[in-house]
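Thanks for coming. I will take one structure and go through it piece by piece, so please have the picture open.

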Amino acid sequence: MDGDLPDDEAAGAHGTAGGVGEHLWLSESGRLWDLGPATADTDADGVGDSLSRNDAAGLTVFTDTDGDHRVDLVTRIGADGSVSSSTYDPDTGQWSAARPGRLR
Ligand SMILES: [Ca+2]
Ligand SMILES: [Ca+2]
């Protein structure tokens, strides 16, 4: 028969386990960024909800607080110990800055 796909190719096209369905997504300025799979479980419910990125300016932690795989909390920890965070409002699609602070 024509049109049959090899098994491995079909599985690759349709599999979801470990695929992008497990990734965290970041909405910003009307675009959606694939951040990759969560690497940390910050609320200990057994489901990964956060990942962090290191760069020259410090550490940025992306967290999905409600389990829909959309990041809704971003925390930036500067190399100098400063901390700032932004929360996402799904109703408005806007990020708003939370009160800045410092690590104790
Ligand atoms: Ca969790
Ligand atoms: Ca979310």
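Start in the loop between E2 and E3, where you will find Asp49. Please keep in mind that what you see is a predicted model. Is Asp49 buried or exposed? Count the other C-beta atoms within 10 Å of Asp49 and you get 22. The cut-off for calling a residue buried is 20 or more, so Asp49 is buried.

Which residues does Asp49 touch, if we leave out those up to four places away in sequence? Going up in number, they are Ala38, Asp41, Thr42, Asp43, Thr63, Asp64 and Gly67. Take Ala38 from that list. Ala38 and Asp49 are 11 residues apart along the chain, and their C-alpha atoms are separated by 5.5 Å.

Ala38 also leads us to the nonpolar core. The largest one has five residues: Leu24, Ala38, Phe62, Val71 and Tyr88. Look at Tyr88 in that core. Setting aside neighbours within four places in sequence, Tyr88 has contacts with Ser27, Val71, Asp72 and Trp95. Over the whole protein chain of 104 residues, 9% count as buried.

Now back to the loop between E2 and E3, where Ala44 also has its place. Ala44 is not a glycine, yet its phi is positive, at about 60°. Ala44 has 7 other C-beta atoms within 10 Å, and exposed means 12 or fewer, so Ala44 is exposed.

Ser29 is another non-glycine with a positive phi, here about 55°. Where is Ser29? Ser29 sits in the loop that joins strand E1, residues 23-28, to strand E2, residues 31-37. Ser29 is exposed, because 7 other C-beta atoms lie within 10 Å of it.

Next, Gly93, in the loop between strand E6, residues 82-89, and strand E7, residues 94-97. Gly93 counts 11 other C-beta atoms within 10 Å and is exposed. Along the chain, Gly93 and Glu28 are 65 residues apart, while 8.2 Å separates their C-alpha atoms.

Let us turn to the strands. In what sense do E3 and E4 pair? E3 pairs with strand E4, residues 58-63, in the antiparallel sense, over six bridges. One bridge joins Asp55 to its partner in E4, Gly58. Two residues lie between E3 and E4, and the two strands form a hairpin. As a general point, side chains in a regular strand alternate between the two faces of the sheet.

How many helices and strands does the protein chain have? There are one helix and eight strands. In order from the N terminus, the elements read α-β-β-β-β-β-β-β-β. Among contacts with a separation of 6 or more, 15% are between residues 24 or more positions apart.

Last, confidence. The mean pLDDT of the protein chain is 84, and 78% of the residues score at least 70. Where is confidence lowest, and where is it highest? The lowest is in helix H1, residues 7-14, with a mean of 46, and the highest is in E4, with 96. Over residues 9-16 the pLDDT stays under 50, and the model has two contacts beyond four places in sequence for that stretch.

That is the tour. Questions are welcome.

Methods:
Residues are numbered from 1 along each chain as its sequence is written. Chains are lettered from A and ligands numbered from 1 in the order in which they are written. This is a predicted model: local features need pLDDT of at least 70, side-chain atom pairs count only at pLDDT 80 or more; totals for chains, interfaces and linings use all residues. Helices (H or I, at least four residues) and strands (E, at least two) are DSSP runs, numbered from the N terminus. A nonpolar core is a set of buried Ala, Val, Leu, Ile, Met, Phe, Trp, Tyr and Cys residues joined through C-beta atoms within 7 Å. Two residues are in contact if their C-beta atoms, placed from the backbone, lie within 7 Å. Two strands pair if DSSP finds at least two bridges between them. pLDDT is the predictor's confidence in each residue, from 0 to 100.
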